[in-house]
Amino acid sequence: MNTRRFSKDTFEKLKNKAQKTLHRSLDQHIKLAVTGFSGSGKTAFITALIKHLTTQADKQNLPFFDVAREQRLIAVKAIPQRALDIPTFDYNCAVNSLLANPPSWPSSTQRINTLTLALKFETRNALKQHLSPISTVYLELIDYPGEWLVDLPMLNQDYQTWSKEVLTLLKQPQYIDYAKEFLTAVDTFDSDAVVDETILKKLSEQYQRLLLSLKQHTKVAQLQPGRMLIPGDLAGAPILLFFPCDGVMTVSGETQYMHLEARFNAYKQQVIGPFYKQHFCQFDRQIVLVDILSALADGPDTLREQEQALRNIVDVFDYGKSNMLKRLFYPKIDKVLFAANKCDHVSYEQQPQLAKLLHSMVHEKSNDLRFAGVEIDTMAVSAVQSTQQTQVVESGKTLNCIVGKPIDEPHQITFLPPQPPTHCLSKEQWPEQGFDFLSFAPLPAKCGNLSHVRLDHVLQFLLGDKLR
Ligand SMILES: Nc1nc2c(ncn2[C@@H]2O[C@H](COP(=O)(O)OP(=O)(O)OP(=O)(O)O)[C@@H](O)[C@H]2O)c(=O)[nH]1
Ligand SMILES: [Mg+2]
């Protein structure tokens with residue numbers, strides 16, 4: 001009986017693996033990493049991508065997406081996902097809020113979820129055509145709380161290095177007011193003393209409150225550990241009871257420091273490690289969504305901090321072209337798109353400047369990736385359009401403005417956005433009035449259709465070559 005069950009299980013596993021391998025070998029399976037910090041627009045992007053592919057994939061709507069322009073895309077459909085233990089991405093709920101009257105943005109993500117699309121198309125590839133004129137590509141997407149992404153670089157750090165980095169960040173002038181109380185408590189904390197669970201719990205909770213208030217009042221990206229903000233099923237678990245401290249490592253005895261270090265390591269091994277292995281190891285393509293306008297609005301330190309946080313994230317992914325055989329088992333990211341999202345918060349003429357600013361922020365990393373054989377592009381996009389362009393003449397001068405309904409305001413306004421810089425400015429170069437950008441509600445759908453800015457360029461870059 002046992003032997004029979006073993007054989008059946010083994011057979012199923014082998015069958016699954018063979019199917020996976022076959023899909024990969026024919027390049028039929030694409031895993032797309034939608035990467036971005038909390039609020040960068042991952043959920044809205046995934047929703048828009050599904051909406052445009054499933055019901056709006058015509059040449060008028062997606063003119064730069066070859067398969068749509070050439071009218072070769074037959075149909076796109078969500079299919080049952082391979083990962084049975086992950087909740088399915090609630091597309092209907094997300095798209096309904098965008099299509100509602102008045103429309104609203106989907107809610108912030110609280111757990112991991114996934115969705116697989118099957119794209120059926122007429123192939124132009126001679127070899128594939130010989131086998132069958134119709135091909136199917138499977139596109140796997142996952143959505144997750146951006147807070148959890150920020151944890152990934154911790155995998156390459158030990159407790160001492162992590163503590164140092166976090167404490168340095170908290171001591172910066174723009175965060176010190178929020179962090180003062182916690183920093184004073186940590187200063188008086190005796191890391192060399194014997195373990196006192198009450199003290200550790202109290203300080204951990206204080207640190208968690210600090211993270212929550214930084215999230216609420218600032219745009220700082222690197223708030224670690226991310227599960228302290230969105231615990232998922234770890235709420236109240238002792239694995240979350242740690243905080244950064246400047247202590248010293250002792251050779252013997254069970255000190256508070258060693259206890260904290262053990263919890264930090266357990267968090268890495270039991271929380272970040274599996275999250276990384278299950279969801280971030282095997283990707284083919286990546287889009288990095290960046291909310292550069294919010295960072296600009298927050299000031300020069302936030303922009304620098306975003307730049308650093310982006311570099312740290314890019315560092316944890318596996319890049320480069322793998323050869324055909326390796327690719328079957330260990331796919332590597334071979335295309336990366338850096339997208340300055342929400343670009344419709346500035347005028348059409350200003351959008352290329354946003355792309356240039358993002359390009360300057362990731363320039364060094366892009367160079368390394370290109371060297372590793374990865375194809376890179378940078379674009380200004382808005383997966384879901386929220387404003388329209390207009391021109392206003394004032395004192396004989398034509399001004400390029402945008403029209404939209406700011407979030408939390410009852411009516412549409414015409415707004416002249418400030419001019420974004422094309423590179424990171426230093427504090428001295430920062431304009432006195434800063435950068436005052438607004439956030440807008442999605443544009444109301446027209447006949448059930450959503451609008452976008454350059455989503456077709458994004459699709460062409462990320463998927464175009466697989467749909468030939
Ligand atoms: N103009 C514009 N604004 C957007 C777009 N996508 C997202 N936004 C804005 O950004 C906010 C956050 O978008 P989400 O899609 O929830 O971001 P997320 O990356 O999924 O965030 P988490 O779930 O917290 O990780 C939205 O509520 C909108 O205000 C877009 O395509 N265009
Ligand atoms: Mg989300």
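Q: Which residues have the most contacts inside the largest nonpolar core?
A: A nonpolar core is a set of buried Ala, Val, Leu, Ile, Met, Phe, Trp, Tyr and Cys residues joined through side-chain atoms within 4.5 Å, where buried means under 20% relative accessible area with a 1.4 Å probe, counting protein chains only. This is a predicted model, in which local features need pLDDT of at least 70, side-chain atom pairs count only at pLDDT 80 or more, and totals for chains, interfaces and linings use all residues. Side-chain values use heavy atoms, with hydrogens and water left out. The largest such core has 89 residues, and those with the most contacts inside it are Leu-170, Phe-182, Tyr-207 and Phe-243.

Q: Which residues does Phe-182 touch, not counting residues up to four places away in sequence?
A: Contact here means heavy atoms within 4.5 Å. By that criterion, and with residues up to four places away in sequence not counted, Phe-182 touches Leu-167, Leu-170, Leu-203, Gln-206, Tyr-207, Leu-210, Phe-243 and Pro-244.

Q: How far is an oxygen atom of ligand 1 from a backbone N or O atom of Gly-146?
A: A polar contact with the ligand is a pair of N or O atoms within 3.5 Å. For the backbone N or O atom of Gly-146, the distance to an oxygen atom of ligand 1 is 2.7 Å.

Q: What percentage of the area that ligand 1 exposes when taken alone does the protein bury?
A: Accessible areas come from the Shrake-Rupley method with a 1.4 Å probe. Taken alone, ligand 1 exposes 650 Å², and the share of this that the protein buries is 92%.

How values were computed: Residues are numbered from 1 along each chain as its sequence is written. Chains are lettered from A and ligands numbered from 1 in the order in which they are written. Buried means under 20% relative accessible area, exposed over 50%, partly exposed in between (1.4 Å probe, protein chains only). A polar contact is a pair of N or O atoms within 3.5 Å; within protein, one must be able to donate a hydrogen and the other to accept it, and residues adjacent in sequence count only if both atoms are side-chain atoms.
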